[in-house]
Amino acid sequence: MADTESELKESTELKKLFALWQEKQKEDIDRNLKNVELDKRQLKKLKCTLRDMGISSHFVELLDQEQDCLLINSAEMKDRWKNVLKNAFNMDGCMLGFKMPKDGYEYIFLFKEANDSAKKSMNYDTYPIFNQEYLDKGNVNPWIAGWKDNKSRSGISNKLPKALALYSESLKDSQKVKNNFLKYAAYMNVNKRGGNSCTNHSDQKALLNYARYYREYILREIEILAGPQKQVKIFVCGSKTYFDELIKCLRPEENLKGEKFCFIHINHPSYRRISAEKLAEQMKNSAERK
């Protein structure tokens with residue numbers, strides 16, 4: 001535990017933190033899946049087991065769709081699925097050419113998880129290995145390219161730049177913000193392994209378990225993204241219930257000392273009934289602050 005704390009404190013860049021984080025996930029998979037039967041005939045039981053480990057049902061559903069499921073009890077298939085879970089790691093903001101502002105970020109948008117991670121990590125023979133070359137190449141989040149895509153319908157890439165422009169006194173041009181969003185605000189996912197596009201019920205429990213297991217890594221990422229900023233606002237996207245439960249899991253007051261960090265609840269921008277104007281209003285007036 002002491003070694004982990006020391007390594008996290010020494011991680012002053014996202015790349016180093018993600019390398020440690022990925023290695024921790026791999027160790028946990030090797031240890032926790034050692035005696036778990038990946039049996040298609042017991043998918044419900046398997047979902048519950050993985051949920052308790054902080055793993056989305058998305059990975060079990062993909063297992064169910066696999067043509068080679070009949071071989072699931074073979075050593076080859078067990079290794080294949082362990083590698084799927086090890087490879088599934090989404091790096092926030094590490095796009096090609098991404099450079100974090102020297103002054104850090106005043107605004108951080110905290111999302112739940114990237115979608116379809118299992119599909120991207122399925123073929124581990126061709127999946128980008130987690131090494132320096134992969135880190136330099138970029139992120140596996142599919143919607144991040146949408147920041148500069150004017151045709152994108154994503155609520156995240158369309159609503160957030162406008163909401164941020166309406167919220168901030170210094171940012172007035174929403175198109176300017178959209179074209180270079182990561183210059184003005186950071187985004188990060190709680191669950192780096194990823195999962196489904198909809199996180200409810202059992203999958204939300206898996207997500208919260210992940211947050212509980214990797215809380216120190218999540219909070220360290222927030223510290224790195226914040227940099228030397230004196231005041232940092234973390235906008236937690238999701239329901240009020242999720243917000244309250246996530247704060248309980250993260251226990252930010254134990255790691256993020258002082259009054260520098262403020263966690264604020266807002267609706268998820270992909271929610272159809274929420275507009276950019278409403279998001280900006282929540283950002284300004286939210287009473288749900290921690």
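**A covered strand and a ring cluster**

Author: Strand β3 (residues 232–237) is mostly covered, with 6 of its 6 residues buried. Buried means under 20% relative accessible area, exposed over 50%, and partly exposed in between (1.4 Å probe, protein chains only). Helices (H or I, at least four residues) and strands (E, at least two) are DSSP runs, numbered from the N terminus.

This is a predicted model: local features need pLDDT of at least 70, side-chain atom pairs count only at pLDDT 80 or more, and totals for chains, interfaces and linings use all residues. Residues are numbered from 1 along each chain as its sequence is written, and side-chain values use heavy atoms, leaving out hydrogens and water.

V232, I234 and V236 point one way from β3. K233, F235 and C237 point the other way. β3 runs parallel to β4 (residues 261–266), joined by 6 bridges; strands pair if DSSP finds at least two bridges between them. F235 has I264 as its bridge partner in β4.

Now the rings. There are 10 aromatic pairs. Rings of Phe, Tyr and Trp (its six-membered ring) pair if their centres lie within 6.5 Å; planes under 30 degrees apart count as stacked, over 60 as edge-to-face, the rest as tilted. W21 and F89 pair edge-to-face, 6.0 Å centre to centre and 75° between the planes. W21 sits in helix α2 (residues 14–32), F89 in the loop between α5 (75–87) and β1 (107–115), 68 residues apart. W21 counts as buried because its relative accessibility is 0%. F89 is buried too, at 1%. Y214 and Y217 have ring centres 6.2 Å apart and planes at 65°, so they are edge-to-face. Both are buried. Ring pairs link F18, W21, F89, Y210, Y214 and Y217 into a cluster.
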